[in-house]
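Thank you all for coming. Please take a moment with the sequence and the structure on the screen, and then we will walk through them together.

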Amino acid sequence: MSGKTLFDKVWDQHVISEIDNGPSVFYIDRHFIHEVTSPQAFDGLRKRNIRVFRPDQTVATADHNVPTIDQHLPIKDKLSRFQVQKLAENCEEFGIQLYGLGHQYQGIVHVIGPELGITQPGFTIVCGDSHTSTHGAFGAIAFGIGTSEVEQVLATQCVLQRKPKRMKIEVNGPLAKGVLSKDIILYIASKISTSGATGHFIEYTGSAIRALSMEARMTICNMSIEMGARGGMIAPDETTFEYIKGRKFAPKDAEWDQALEKWRQLYTDDDAEFDTSYQFDAADIVPMITYGTNPGMGIKITETVPDSPDNTKALEYMGLTPGELLLGKEVNHVFIGSCTNSRIEDLRLVASLVQGKQKADNVQAMVIPGSKQVEQQAKQEGLDKILEEAGFHLRQPGCSACLGMNEDKVPAGEYCVSTSNRNFEGRQGPGARTILASPLTAAATAITGRITDVRELI
Amino acid sequence: MEPLNIVRSTCVPLPAEHVDTDQIIPARFLKATTREGFGDNLFRDWRYHNDGTPKPSFVLNQTQFEGKILVAGKNFGCGSSREHAAWALYDYGFRVVVSSFFADIFRNNALNNGLLPIQLPEAYVQELLAAIERNPSLLAVVDLPQQEFKIEGGQAIKFDINPYKKSCLLQGFDDIDYLISQQDKILEYEQNKI
Ligand code: SF4
């Protein structure tokens, strides 16, 4: 018999039973909820007259819909205010811990889970948000679910799931200077397309992945969904354990030792098999940008917009032409934030690049920390000063212009170089044109006012 | 959930590929706290200009096309996990979406809400789209018990559906009803785990 993959190991530990020819009853260790995809689930519970089954395994925060300035004031937008208030009422009624607006732990759900030590190796984690795959960086099976499934988890701490196929993506070799994990994942997405991993759960391996920090690994796993995958994971190692140790909800003392022993079993056996495998060479990866309207439409920053009949609609929306070089193109907005790139390391990188420089006059540059804790840390390190002096607007935590639900939107027809994960039509506001890139590329672009190869500035 | 059995209807063609859930229902319309009413903003930015006037070129604004069956290009429903996309399609009046490929989360969300995703071969979907364009009053029949799709008077083509999901749809029974019936096993699992 062949060995098991990391994914198989964690999966098998959580299957309670299987329906013949159907999905499995799959146990969930941790559940995150936020204001946008949970209200209908709570309504469902009320209609069925049932309670939350394991309230202490669910954690809530307000992130998608919150303003990123003046968070101490009541939310101006009536509908947003109502939604955030509804979340608070639901958490109160059903006994769920809420890190709401103003709380020291509030932030984007996929930033706060890891930073509080709630996210741990071997866990199963779900949230009504597709980027739940982020938590896979710790060797957890983490995936996004719809609101009906949120209701399932609230009601029974289980979801019905079919086991996905297994995909291995291996990246080997050292990364060049100025190339970040965001470039790795944009590169992979450009190779296997926006639907290339549908039906699969990815394991990322290889020396280039191993060498990454936890935050950089989260950026990779975060975008698994952009290739259609259910999720992506990375086997935990010393880097992982080091990161978790001492965090608020991390195991302590004897429990820590027990946990470590369990976590060290979480790897793919040498003789385990995958349904699909890819291998990439880190030496081929350079700063990447997207030119189209899905994250798979990426190119090396030095390349020209590809000429293909498949691109016509996307290029029309983006106002680009085949053969055009994006490098040097004028840009009016830079957005640094989202669950992909809003952690302290991202802010440090940006600050180190812009220190002593000034953003270009034609650019509005917004930096949105992923959480209250990131914001605090940035202030302690003086990053806020550096950013403000360079003309960047450091705002308060939330999803912000990643999805344009609050007032942080990009005006129609204008370009925004964004560190977020989706360049769909209208994602950052109706008609907004999003170019996905790494935090360094975004920062460099803000400084010159044009799409810039960061390698020229460092 | 409303049971679904046989659907006989004209079809609405949407040949676009990779239709993501941000197009189906843009994020700025996700502020409601109930499941109803999302149909008004279905495909909002394709359907309306910024000032709210309809875009005549979009299929939902073309009166010759209507019905309970949406026929779409491949990789339908990719992107955000928002179940609001399934609610919006359902609320608008669709009961079936036909495509040659569905994104995973969308497929699940649709099935959980009484909206049937039918995956058919790419060539068939292309022909179907062309046939609807030629004759918008073409009637299609979806027979869930038989797992068949056909243009009335034409050859039926089989489609796959998970037997469990099929029985749920036929009975209007949902996953939560099932999971709640499994509570003893769940408790037992929790006990053994520690
Ligand atoms: S930052 Fe963007 S992608 Fe991440 S959870 Fe928020 S809306 Fe979703």
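Between which domains of chain A does the ligand lie, and why? Before I answer, please keep in mind that this is a predicted model, in which local features need pLDDT of at least 70 and side-chain atom pairs count only at pLDDT 80 or more, while totals for chains, interfaces and linings use all residues. Residues are numbered from 1 along each chain as its sequence is written, chains are lettered from A and ligands numbered from 1 in the order in which they are written, and side-chain values use heavy atoms, with hydrogens and water left out.

The domain assignment, which is automatic or from a database, divides chain A into domain 1 (6-161), domain 2 (165-236 + 259-283) and domain 3 (288-456). Domain 1 and domain 3 both give residues to the shell around the ligand, so the ligand lies between them.

That shell, meaning residues with a heavy atom within 4 Å, includes His64(A), Asp129(A), Cys399(A) and Arg427(A), and its residues divide into five nonpolar, five polar and two charged.

Turning to domain 1 and domain 2 of chain A, their centres, taken over C-alpha atoms, are separated by 24 Å, and their contact (heavy atoms within 4.5 Å) takes 23 residues from domain 1 and 24 residues from domain 2.

Notes:
Nonpolar A, V, L, I, M, F, W, Y, C, P; charged D, E, K, R; others polar.
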